[in-house]
Amino acid sequence: MGKTNSFFRYLAYAVEIILLFVLETTPNLLPEIFNAKPCFLLALAISISVYEREIPSMIFGLVCGLLLDYSYCGTVGTFTFALTIICFILGYCANNIFSANFWGVILCSFVVISLVLFLQFVFSYLLPIGTNAWLFFRNNYISRIILTFIFAPLFYFLNKFIYSRLSSAGN
Amino acid sequence: MKEFLKSNSVKVLVCIIFVLIMVFVFTHNVQNNFLSSSLSSLTYGLSKVTAVSTDNEAQKPYSELQRENENLKKENADLRAKLVDYYSAKEENARLWKFYNLKKENPEYTLVPAMVLRRDANDDFSSFTLDKGSSSSVKVNDPVVTENGVIGRVSEVDNNTCKVVTILSPQTSIGCIDKKSKDTGIVSGNANYSNDNLTTFAKLSSDNKVKEGDIITTTGISGLYPKDLIIGEVEEICYDNFDTSFYAVVRPYDDIKTITCVAVITEFTGQGEILKSGD
């Protein structure tokens, strides 16, 4: 029963990932606000990690990172590496160091979103282009960080609901 | 912590990071790498469906498309009109530059650039009316030229326009010289040749040495035309049975029937000297 619940939970995460990937990459669907669109998959990966153990967290982080990198540059990049490692660490910490309460997850989301998007900025713009990169950061990345962060509570409650429905009965 | 670092989870993480690094190394800066191809194949169908469903152009109602089409047609017409203006301005600019060169080569000329206003449909010798008249200092008998040579002379003037008789007309008589053989004669239009944009270099002596390809220019003796203005190039030498003299058929360098922009030489050195002495 527990394995079945885990399977459906992972399936629900997979559906979430696919839907958000489609939502994020479909042209003309989401409007740009202050030159940016939110990174749904980034916020989703964090919200999954705080409920799952290290390995599943890492795998979902890896998948989300791959999809984000695929839509940005077509290959493995900053998102894949960063989300794989960070989701692994988050999965470990949420199970061993702190519990997944709302404010803890919100704080954690803000730090991780800022860190990952900053790393992406560094490796995609600051190092290869250099000139006017900070202007680009100010005009595009700050709004992207804020927009992504706005969706973090939504995914937190959604995955909390999925986790409570598909784990407690089995465990 | 030490236990955690030695745990299987960390070993899995390290392995995955290692694999990712390998993938990164082998796919970085490689077009159509296996990773992007695989992800592209996996997501192509879904992306295609969502892209089509959010295609704004396809979702526009018929009335809006019709309105947009009308606006685009209007815009297109405006742009076409602007393009015609642009070509006209460009053409005029190019012509004025040529007159500028003519003026630079002959500083003693006073040139008045003019446009052909209308052509007399009943005149077989391609006479035309210019948009410059006595208010622009144009006088009767002023030579009319282009950058390629003489076109004709002014025959009538009013305040704002003037009529030009071309070198295709028999009314024209210009004292000319073959620059190569030094034979002299009179350039005058001929009804047999005017339709083909040709004129004649007549009254040649029986021992003339005029040949095909020779360039005919004005002598400037009459005082009506400046010296050394080009008339055209000899195409053939003929004999006039009635006049018992030779003449050369000359092709002007401009197509006089279609010319649109010319210049009137209102003043030049030696203008009207013979006429004055004749009075």
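1. Ground rules. Because the model is predicted, local features need pLDDT of at least 70 and side-chain atom pairs count only at pLDDT 80 or more, while totals for chains, interfaces and linings use all residues. Residues are numbered from 1 along each chain as its sequence is written, with chains lettered from A and ligands numbered from 1 in the order in which they are written.

2. The main core. The largest nonpolar core has 51 residues; such a core is a set of buried Ala, Val, Leu, Ile, Met, Phe, Trp, Tyr and Cys residues joined through C-beta atoms within 7 Å. Buried here means 20 or more other C-beta atoms within 10 Å of the residue's own, against 12 or fewer for exposed and in between for partly exposed, with C-beta atoms placed from the backbone. A:Leu41, A:Leu42, A:Ala45 and A:Cys64 touch the most other members. Elements giving two or more residues to this core include α2 (40-49) and α3 (54-72) of chain A; helices are DSSP runs of H or I, at least four residues, and strands are runs of E, at least two, numbered from the N terminus.

3. Leaving out residues up to four places away in sequence, A:Cys64 touches A:Ile17, A:Leu41, A:Leu42, A:Leu44, A:Ala45 and A:Leu83 (contact: C-beta atoms, placed from the backbone, within 7 Å). As for α3(A), 15 of its 19 residues are buried. How far apart are the end C-alpha atoms of α3(A)? They are 26 Å apart, which agrees with the 27 Å that 19 residues should span at 1.5 Å a residue, because the expected span is 1.5 Å times one less than the number of residues.

4. The barrel in chain B. Chain B has six helices and 12 strands. Six of the strands close into an antiparallel barrel, in the order β6-β7-β8-β11-β10-β9; strands pair if DSSP finds at least two bridges between them. Between β6 (residues 174-178) and β9 (residues 215-218) of chain B there are three bridges, and B:Cys176 stands opposite B:Thr218 in β9(B).

5. Chain B overall. Of its 279 residues, 25% count as buried. Among contacts in chain B with a separation of 6 or more, 56% come from residues 24 or more positions apart.

Technical notes. Two residues are in contact if their C-beta atoms, placed from the backbone, lie within 7 Å.
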